[in-house]
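Dear colleague,

I am passing on the structure below, together with some notes on what was found in it. Please read the notes with the structure open beside them.

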Amino acid sequence: HDAPQHPQATPEGVAANLQRLQQLIPAAADVLAAQQRAGQVNGWAGNRCTTRDRLPAVGAVSAADSPGLYACTGMGSRGLSYAALCGQHLAALLLGRQASPLPAHLHGAIDIQRLVG
């Protein structure tokens with residue numbers, strides 16, 4: 001079964017996502033539902049924030065126009081599992097400490113700079 005070339009957000013899909021969010025984070029679901037009813041939220045479908053190697057991307061983004069910009073992204077379907085650990089790792093990077101919760105051999109594996117070039 002091939003995925004559609006241009007998946008579209010449907011009212012059913014939006015409702016299902018809001019229902020899932022209501023179970024996970026009720027306060028966020030309430031705010032998002034109100035914004036959706038007011039026409040302030042656009043829907044999207046078929047997008048997943050992931051990387052080519054399916055590992056998160058964490059670290060300093062080297063952009064001349066954005067010095068000091070860091071990112072913690074690319075977690076795909078494992079965002080809830082990876083978010084806290086990657087956030088702690090990012091905090092360690094920002095504070096300039098070696099107290100990352102990740103073993104040293106994983107620092108390079110998730111370094112955002114591996115995606116540059």
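**Notes on the model**

At a relative accessibility of 29%, T73 counts as partly exposed, and bear in mind here, as throughout, that the model is predicted. The residue lies in strand β2, which covers residues 70-73, and once its neighbours within four places in sequence are left aside, T73 is in contact with C49, P56 and A57. As a further reference distance, T73 and A104 are 31 residues apart in sequence, while their C-alpha atoms are 19 Å apart in space.

H89, by contrast, is placed in helix α3, and with a relative accessible area of 2% it is buried, because buried means under 20%. If residues up to four places away in sequence are not counted, H89 touches V58, S100, P101, L102, H107 and I110.

Turning to the chain as a whole, four helices and two strands are found, and from the N terminus on the elements follow the order α-α-β-β-α-α. The radius of gyration is 18 Å, well over the 13 Å that the globule rule gives for 117 residues, so the chain is more spread out than a compact globule. Taken along the principal axes, the box that the C-alpha atoms fill is roughly 45 × 35 × 30 Å.

As for burial and surface, 16% of the 117 residues count as buried, and the chain exposes about 8600 Å², of which carbon and sulfur atoms supply 55%. Among the contacts between residues at least 6 apart in sequence, 48% join residues at least 24 apart.

The part that may interest you for your own work is the largest pocket, whose volume is about 1000 Å³. Of the 25 residues that line this pocket, N17, R20, L32, W44 and N47 are the closest to its centre. Which helices each supply at least two residues of the lining? They are α1 (11-24), α2 (26-37) and α3 (79-95), and α1 gives the most, with seven residues. Sorted by class, the lining of the largest pocket has eleven nonpolar, twelve polar and two charged residues.

With best regards

Note on methods. Residues are numbered from 1 along each chain as its sequence is written. This is a predicted model: local features need pLDDT of at least 70, side-chain atom pairs count only at pLDDT 80 or more; totals for chains, interfaces and linings use all residues. Side-chain values use heavy atoms; hydrogens and water are left out. On a 1 Å grid over the protein atoms alone, a cavity is a set of points where a 1.4 Å probe fits but cannot get out, and a pocket is an open set with protein on both sides within 12 Å along at least five of seven lines; lining residues have an atom within 4 Å of a point. Grid points are joined across faces, edges and corners, and a volume is the space filled by probe spheres set on the points. Ala, Val, Leu, Ile, Met, Phe, Trp, Tyr, Cys and Pro count as nonpolar, Asp, Glu, Lys and Arg as charged, and the others, Gly among them, as polar. The radius of gyration is taken over C-alpha atoms; the globule rule is 2.2 Å times the number of residues to the power 0.38. Buried means under 20% relative accessible area, exposed over 50%, partly exposed in between (1.4 Å probe, protein chains only). Contact means heavy atoms within 4.5 Å. Accessible areas come from the Shrake-Rupley method with a 1.4 Å probe; for residues, only the protein chains shown count as cover.
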